[in-house]
Amino acid sequence: MAPKIPARKIPARKPSKTKPSKKASPALTHIGASGEARMVDVSDKAATERLATAEGRVVMEKATLDLIVSGNAKKGDVLGTARIAGIMAAKRTSELIPLCHPLALSKVTVDIEPDAELPGCVVRASVKVTGPTGVEMEALTAVSVACLTIYDMIKAVERGVRIEGIHLVEKLGGKSGHYRA
């Protein structure tokens, strides 16, 4: 029988001293009036060109990065495999993330740059579509899966690899316009 792990006591949350904003906060689009999850209706939105770019990092020991860069990892071409995995993931985002719309993507690029100063790899994905909804989730999914693939291919050499900083870098198109982190 496994030993019992004592429950951690979580401190009570202190009430906020800030005044409520008079400005209405934006509604969560995937939550219905009764609080139920729902897919957003985009049928009335114009099909426009939309682009999103996301980025993340895989941090590792220098020796592990050297193994990747030299092409001597036992599982094969780490960066090439991760690039393909990221592209495939972007195309299947609606199957992985509940309530995402299936989109006919027109372009997906996944770039992976080894960074000796990190040490590790910087993964960046850009996704493009002409449609009624954006591609932020597709770009974020591409980066996430590419990072996970790098981890999977080198975990036998180093288990302490960290995936960090996955975030949206830029979004263009749609009603909300241009966003840049």
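Strands and helices are DSSP runs numbered from the N terminus, a strand (E) having at least two residues and a helix (H or I) at least four. Two strands count as paired if DSSP finds at least two bridges between them. The model is predicted: local features need pLDDT of at least 70, side-chain atom pairs count only at pLDDT 80 or more, and totals for chains, interfaces and linings use all residues. Residues are numbered from 1 along each chain as its sequence is written, and side-chain values use heavy atoms, with hydrogens and water left out.

**View 1. An open sheet of 5 strands with antiparallel pairing.**
The strand order is β2-β3-β1-β4-β5. Strands β2 and β5 (179-180) form the edges, each pairing on one side only. Strands β1 and β3 run antiparallel and are joined by 12 bridges. Across this pair, glycine 56 stands opposite valine 123 in β3. In a regular strand, side chains alternate between the two faces of the sheet.

**View 2. The hairpin of β2 and β3.**
Between the two strands of the hairpin lie 4 residues. Strand β2 (residues 107-115) pairs with β3 in the antiparallel sense over 9 bridges. Valine 108 stands opposite valine 127 in β3.

**View 3. Helix α1 and its buried side.**
Residues are called buried under 20% relative accessible area, exposed over 50% and partly exposed in between, using a 1.4 Å probe and protein chains only. Thr64, Leu65 and Ile68 are the buried residues of α1. They cover an arc of only 100° around the axis, so they lie on the same side of α1; the arc is that of the directions from the helix axis to the C-beta atoms. The buried residues of α1 pack against α2, β2, β3 and α4, where contact means heavy atoms within 4.5 Å. On the face turned away from the buried side, α1 carries the exposed residues Lys62, Ala63 and Val69. Just after α1, glycine 71 takes a positive phi of about 80°.

**View 4. Valine 78 in helix α2.**
Helix α2 spans residues 78-91 and includes valine 78. This valine 78 counts as buried, at 2% relative accessibility. Not counting residues up to four places away in sequence, valine 78 touches Ile68, Ala73, Ile150, Met153 and Ile154. The C-alpha atoms of valine 78 and methionine 153 are separated by 6.3 Å, although the two residues are 75 residues apart along the chain.

**View 5. Helix α4, residues 136-154.**
The 19 residues of α4 reach 28 Å from the first C-alpha to the last, close to the 27 Å expected at 1.5 Å a residue. That expected span is 1.5 Å times one less than the number of residues in the helix. Buried residues in α4 include Glu138, Thr141, Val143, Cys147, Ile150 and Met153.

**View 6. Salt bridges of lysine 128 and aspartate 66.**
A salt bridge is a side-chain nitrogen of Lys or Arg within 4 Å of a carboxyl oxygen of Asp or Glu. The structure holds 9 salt bridges. In one of them, lysine 128 is joined to glutamate 49, with the closest N and O atoms 3.7 Å apart. Lysine 128 lies in strand β3 (residues 120-131) and glutamate 49 in strand β1 (residues 48-59), so the pair ties together parts that are 79 residues apart in sequence. Lysine 128 is partly exposed, with a relative accessible area of 28%. Aspartate 66 forms a salt bridge with lysine 62, the closest N and O atoms being 3.0 Å apart. Both residues of this pair, aspartate 66 and lysine 62, lie in helix α1 (residues 62-70), 4 residues apart, about one turn of the helix. Aspartate 66 counts as partly exposed at 38% relative accessibility.

**View 7. Glutamate 95 with arginine 92, and a network of salt bridges.**
The closest N and O atoms of the salt bridge between glutamate 95 and arginine 92 are 2.6 Å apart. Glutamate 95 counts as exposed at 56% relative accessibility, while arginine 92 counts as partly exposed at 44%. Arg57, Arg162 and Glu164 are linked in a network of salt bridges.

**View 8. Cysteine 147 and cysteine 100.**
The structure holds 0 disulfides, a disulfide being a pair of cysteine sulfur atoms within 2.5 Å. The cysteine sulfur closest to that of cysteine 147 belongs to cysteine 121, and at 8.6 Å the two are too far apart for a bond. Cysteine 147 counts as buried at 0% relative accessibility. Cysteine 100 also counts as buried, at 14%.
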